[in-house]
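Me: Here is a chain that I would like to go through with you, one question at a time.

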Amino acid sequence: MTINLFNVGIKFLFLIAFGIVSLKLQIIDFTGFLASLLVGGAIFIFGGWKWFLLILTFYIVAGLSTKYKYEEKRQKGVAEEKKGARAWQNVLANGSVAAFLAVVNGFMINNVLFAGYLGAVSAAIADTLATEIGLLSPQQPRSIINLSKKVPSGTSGGVSLLGEIASILSAGLIGLLTYITAAQNWNLQTALIISVVSGFLGSTFDSLLGATIQARYKCKVCGKKTEKKLHCEKHTIYLKGCSWIDNNMVNLLAVTFGSGIGILVFHLI
Ligand SMILES: [Zn+2]
């Protein structure tokens, strides 16, 4: 591919302007802003606007869903810290696989790469929405490894019907946008099947890892079990799981898995 410097400049101006607005709205913190420039820049430049639109949609929908009823989530003790502003680890966990595939596509255009990209973005949005909307579920979530067992809201590996619906709809939105922009020469059915299946399975894989190997802690202040090293502004106590597998690591593994599912489904249909 040839790189047009003027074109690259315009894209970065857009990313910077959009990033500054996101910083002001506390969707990302400054480290998240830098990581977003890297991920967004790679996808915009090497994938083009049709690829970029999908990750941008994930970014906006994920940001809004984190802010949605934030106060209610905070009072339940399950909200993201720092008013929901995402740091670089979260941006890379959700976006690095997508950015990698976009860069490879810049050198060898191949619709298999796009299928992997669609799977990665669908898994990222499905997983974020399953959590952020699922936290608001009026019913208590159930453990993914034992559906008859109810678990407290915010428990890693907990699933709710509301979260699952939000997850599938959001993945479907990514498939729909793929079709509308004709990012690939696919019919609506193909785009929707790839996005919904990889979104659903990616998010389910995330819950499975969350219920099994993810590190779990307990808050010294409020006594809540949590996946976070900080709770109620204090360090938490280690309970179980692999200490190096935190929420971002689980996210990265789930997005990678969703990307693989996207490629697999593309070959199967
Ligand atoms: Zn606490």
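Me: Is Cys232 buried, partly exposed or exposed?
Reply: The model is predicted, so local features need pLDDT of at least 70 and side-chain atom pairs pLDDT 80 or more, while totals for chains, interfaces and linings use all residues. Residues are numbered from 1 along each chain as its sequence is written, and side-chain values use heavy atoms, without hydrogens and water. Buried means under 20% relative accessible area and exposed over 50%, with partly exposed in between (1.4 Å probe, protein chains only). Because its relative accessibility is 38%, Cys232 counts as partly exposed.

Me: Which arrangement do the four donor atoms form around the zinc ion?
Reply: Cys219 (SG), Cys222 (SG), His231 (ND1) and Cys232 (SG) coordinate the zinc ion at 2.0 to 2.4 Å, where donors are N, O and S atoms within 2.8 Å of the metal (3.2 Å for Na, K and Ca) and water is not among the atoms, so sites may look incomplete. Four donors count as tetrahedral if all angles lie between 85 and 135 degrees. Since the donor atoms subtend angles of 106 to 117°, the arrangement is tetrahedral.

Me: Is Cys219 buried or exposed?
Reply: The relative accessible area of Cys219 is 4%, and therefore this residue is buried. Among the donor residues, spaced C-x2-C-x8-H-C in sequence, the answer for Cys219 is buried.

Me: Which residues does Gly32 touch, not counting those up to four places away in sequence?
Reply: Gly32 counts as buried because its relative accessibility is 0%. With contact meaning heavy atoms within 4.5 Å, Gly32 touches Arg86, Ala87, Trp88 and Val91.

Definitions and conventions. Four donors count as tetrahedral if all angles lie between 85 and 135 degrees; four count as square planar and six as octahedral if opposite donors are over 155 degrees apart and all others between 65 and 115; anything else is irregular.
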